[in-house]
Amino acid sequence: MTTNEEQARVREIYDRIVEAAEKGHWDQTALSYYIGQPFKALIAAMLSAQTREEHTIAATQALFALADNPADMLKLSDAQILRTIGRVNYAPAKATYLRDICQKLVERGGEVPHTVDELTELKGVGWKVAVLTLAIGYGRTEDITVDVHVLRIGIRLGLIPVETKKPPKANDILKTVLPRDLWPHWNGLMVRFGRAICAPTYPKCKICPVNDLCPKIGVERPVK
Ligand code: SF4
């Protein structure tokens, strides 16, 4: 398949999934509530790691109702923070990260860093959280946020080689096959698609809008 043909296939996949999301009223992602809000995007991205979207949404909305900037967040007690984010996975560790991140942000005048390198110096912030923060908070689109959904679905669709494990590597590969204008939207759409159709264990291939475009690489137990 030529590069042009592959990009046409990817665009068709994207368009069909967008249409299915609109028709099916698929749930929004937790991060979609914080577009253009770097501090909230950073905290939501950090809390969302290995956590169900609905728990991240509930935790972030409750947390930001108490404090919506680093200085005010530092005034909350540990017990308040832990009680508020208690349903996210690894809440005790994330509560510690949260306080540390807010302290560092206050020291730099409250501004969230603008680069992956600076962001990943913060505790609890890895490459994925950093890229997601830049994309959601600042509208930066140099990279594609790769999480478990983007990786799993990318492999099944034949966009990423099966042996790819590291998000930065998957990002490099995806950037060669996804049309540029789709980069900022890919992560959010794949999160929603992964929850609604292309689930980790039992993907619903029979009702999938891109069934005829998908080689289903590594899929062993599609739902009939
Ligand atoms: S056909 Fe199956 S494996 Fe392929 S994207 Fe759809 S649900 Fe996922």
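This report describes aromatic pairs and salt bridges in a predicted model.

## Aromatic pairs

The model holds five aromatic pairs. In one of these, the ring centres of Trp26 and Phe193 are 6.1 Å apart and the ring planes lie at 20°, so the pair counts as stacked. Trp26 and Phe193 are both buried.

Elsewhere, a single aromatic cluster is formed by Tyr33, Tyr34, Phe39 and Phe64.

## A salt bridge within helix H1

Salt bridges number 15 in this model. One of them joins Lys23 to Glu19, with the closest N and O atoms 3.1 Å apart; both residues lie in helix H1, four residues apart, which is about one turn of the helix. Lys23 is exposed at 62% relative accessibility, whereas Glu19, at 41%, is partly exposed.

## The salt bridges of Arg195

Arg195 forms a salt bridge with Asp27, in which the closest N and O atoms are 3.8 Å apart. Because Arg195 lies in helix H11 and Asp27 in the loop between H1 and H2, this pair ties together parts that are 168 residues apart in sequence. Arg195 is partly exposed at 33% relative accessibility, and Asp27 is exposed at 52%.

Arg195 also forms a salt bridge with Glu54, the closest N and O atoms being 3.3 Å apart. Glu54 lies in helix H3 (residues 53–66), so its pairing with Arg195 in helix H11 ties together parts 141 residues apart in sequence. Through shared partners, salt bridges join Asp27, Arg52, Glu54 and Arg195 into one network.

Definitions and conventions:
Residues numbered from 1 in each chain as written. Predicted model: local features only at pLDDT ≥ 70, side-chain atom pairs only at ≥ 80, totals over all residues. Heavy atoms only, no water. Phe/Tyr/Trp six-rings, centres within 6.5 Å; stacked < 30°, edge-to-face > 60°. Buried < 20%, exposed > 50% of the residue type's maximum accessible area, 1.4 Å probe, protein only. Salt bridge = Lys/Arg side-chain N within 4 Å of Asp/Glu carboxyl O. Helix = DSSP H or I, 4+ residues; strand = E, 2+ residues; numbered from the N terminus.
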